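This report describes the fold, the aromatic pairs and selected local features of a protein chain. The sequence and the structure are shown first.

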Amino acid sequence: MNDAIHQGKVIKYLRDYPNVGVLIPIYGKMSKLGTDAFFQCCLAPIELVKEEMKTDCTNNWSKCTPGFTQCTSGDDSQIVYHRFGNGDGFEPLIIERNFDGLGIDNSLEVSEEFRLINNLCFDRVKNEYVDPENETTVVKIENGLVTIHKNYLKRFLAVKQMSLLVHLSSRAHNDGVDPEIEQISKPICLDGKNTTISYGIDHFAKSERNYSSIYAKMFINGCNLCDCGYWPYSERQRKYEEFIVGVDNSGKDVTFTSDPNLLNGHGKMNENSPHYFTPIFFKRAVLQKYYDSPKKYEIGGGFLRCGNKWLLYIDNQSADYVVAYLGDLGRDLPSQSEQQHWWQYNISIDGELSRAKWQRDFGGKFTDPDSPVFLFQEKYKLVNELYEEQLGWTLFLPLNTDDTYNFTGLRIPLSNAQPEFDMQILCLVKVLIDSFNEKELSAACDNNASTPKHSIGKFEQFLKVKGVKDYETHIRFLRDLQGLRSTGIGHRKGKYYVKTANKFGLPEKDFKTVFIEIIGKATEFLSYVQDIVHEIH
């Protein structure tokens, strides 16, 4: 006897539904229950749910498409347009597009309102809708089965003040006719669900056989509106993390909330609280998360930006720590979870604001950055602008969109470890050496057949042709830097890498110190090419 015909898996699944996972099925065929199980759903006004749950019928759900209704006929007929084809308030959440057999495959779509309120984007490769801000799969369409993130669904239902009606039909067959199976239809007692199971004999099959079918109607309600998480309710339920503001006499960390409303600001407000501009210190590894997603986050000298969603002003000039004001952490980080990310890197140290941060925030002056990396980046841009203005071409080619992270992600290694040091050397070589404008350098040498094949050689010959002097130290630096990349990053490390690394002081010095020295020499090289532009003009 086929156990599936008794639909034990289906009944257990119904008993637990919708608490069956994060992504729950709401539309389409689901094969894992061992039967021909099919879900469908419909949004319904809360006040109609009680009446709707009295029957397992879904006849009126199919009308949830735009159209007209006509009351009576003749000259007195009234024709009314309904957005969803009915006047009962039912709406579709999942829409199956049917093109009437005109050679176009049917397709599944998700309610526009649901997509827009959650700002979802469609990943065509994975066939799923994603919340890009939280990097969360919200709706997944796989083999015709639509599953939806339960949290996003319940929040949406709260906003709509509607319930989601879900219907499951499940059919199974036996091989042959089992006399022990009684032909009957009876309800199944499942809390809050209208469920019926029927057994019978299929007389229309090639040979008679038993079948069973389950029809179950369920409903899902939303959360409380105040917990929906959409603005302005997001502000009302906002919680703030505490950060270390000092150390007490016993050596224990003293913490205080980052809620801006509770901090000392202007006037006599909250006089006994820490000031809004209290510097809070973090390990530099706090930025790793953001460097790892360069398409989503931008880190510059003094700021961290997440697209157009939020901006946090920071002091990231130091090679040892990152600083942010206590009030900014509360005001500008968008959620408690984002604050918790920063909280886990919070440290109590005798640090201070950088000269650049102090001058900009309290001195009212624009000043050059302290960080050697930001100095390099500013000089790099300046050199390209200068060469474009004086020569009509840039010394360094613009990076491809997929390569821009090599420039924007340049940094003093967050950890004093070989892998990150290697990665930063690779980025620097791509930006500095691999990006030389070889075409223009060769053209400036009259495309001489003896022009070297590689970029450093072409640049060196360019300097010789232009009669520039005192370039040997910089060319040697570029070759050593290229050697550090080619002997240790592009290939297995060996004796050649050790020889090259020794030129930069490894391993006597740590990776951070060496990279700071390298980026400093790179900036000196940029200053050199800036100074000689008048000689080659």
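The model is a predicted one, in which local features need pLDDT of at least 70, side-chain atom pairs count only at pLDDT 80 or more, and totals for chains, interfaces and linings use all residues. Residues are numbered from 1 along each chain as its sequence is written, and side-chain values use heavy atoms, with hydrogens and water left out.

The peptide bond that leads from Tyr-17 into Pro-18 is cis, with omega near 10°. Gln-7, in the segment before helix 1, has a positive phi of about 55° although it is not a glycine. Gln-7 counts as buried because its relative accessibility is 1%; buried means under 20% relative accessible area, exposed over 50%, and partly exposed in between (1.4 Å probe, protein chains only).

## Overall dimensions and composition

The protein chain contains 18 helices and 22 strands. Its radius of gyration is 33 Å, whereas a compact globule of 537 residues would have a value near 24 Å; the radius is taken over C-alpha atoms, and the globule rule is 2.2 Å times the number of residues to the power 0.38. Along the principal axes, the C-alpha atoms fill a box of roughly 100 × 70 × 60 Å.

Of the 537 residues, 46% count as buried. The chain exposes about 29,000 Å², with carbon and sulfur atoms supplying 49% of it; accessible areas come from the Shrake-Rupley method with a 1.4 Å probe, and for residues only the protein chains shown count as cover. Among contacts (heavy atoms within 4.5 Å) with a separation of 6 or more, 60% are between residues 24 or more positions apart.

The mean positions of the 62 positive and 72 negative charges are 4 Å apart. Lys and Arg count as positive and Asp and Glu as negative, while His and the chain ends are not counted; the place of a charge is NZ of Lys, CZ of Arg, CG of Asp or CD of Glu.

## Aromatic pairs

The count of aromatic pairs comes to 29. Rings of Phe, Tyr and Trp (its six-membered ring) pair if their centres lie within 6.5 Å; planes under 30 degrees apart count as stacked, over 60 as edge-to-face and the rest as tilted. Phe-243 and Phe-282 form an edge-to-face pair, 5.9 Å centre to centre with 75° between the planes. Phe-243 belongs to strand 15 (residues 242-247) and Phe-282 to strand 17 (residues 279-282), so this pair ties together parts that are 39 residues apart in sequence. Both Phe-243 and Phe-282 are buried.

The pair of Tyr-380 and Phe-396 is stacked, because the ring centres are 4.7 Å apart and the planes lie at 20°. Tyr-380 is in helix 10 (residues 372-391) and Phe-396 in the loop between helix 10 and helix 11 (405-408), so the pair ties together parts that are 16 residues apart in sequence. Both Tyr-380 and Phe-396 are buried. Ring pairs link these two residues into a cluster whose members also include Phe-376, Tyr-387, Trp-393 and Phe-525.

## Buried charged residues

Lys-512, in helix 17 (residues 511-531), is buried, with a relative accessible area of 18%. Not counting residues up to four places away in sequence, Lys-512 touches Arg-284, Ala-319, Ile-412, Pro-413, Leu-414, Ser-415 and Asn-416. The C-alpha atoms of Lys-512 and Leu-414 are separated by 8.2 Å, although the two residues are 98 residues apart along the chain.

Asp-480, in helix 15 (residues 472-488), also counts as buried, at 16% relative accessibility. Leaving aside neighbours within four places in sequence, Asp-480 is in contact with Thr-500, Lys-503 and Phe-504.

Helix 4 (residues 150-160) is largely enclosed by the rest of the structure, because 8 of its 11 residues are buried. Among them are Lys-150, Arg-155 and Lys-160. Gln-161, which follows helix 4, has a positive phi near 55°.

Asn-119, in the loop between helix 3 (112-117) and strand 7 (121-123), has a positive phi near 50° and counts as exposed at 52% relative accessibility. A cis peptide bond with omega of about 5° joins Leu-506 and Pro-507; Pro-507 is in the loop between helix 16 (495-503) and helix 17.

Methods. Helix = DSSP H or I, 4+ residues; strand = E, 2+ residues; numbered from the N terminus.
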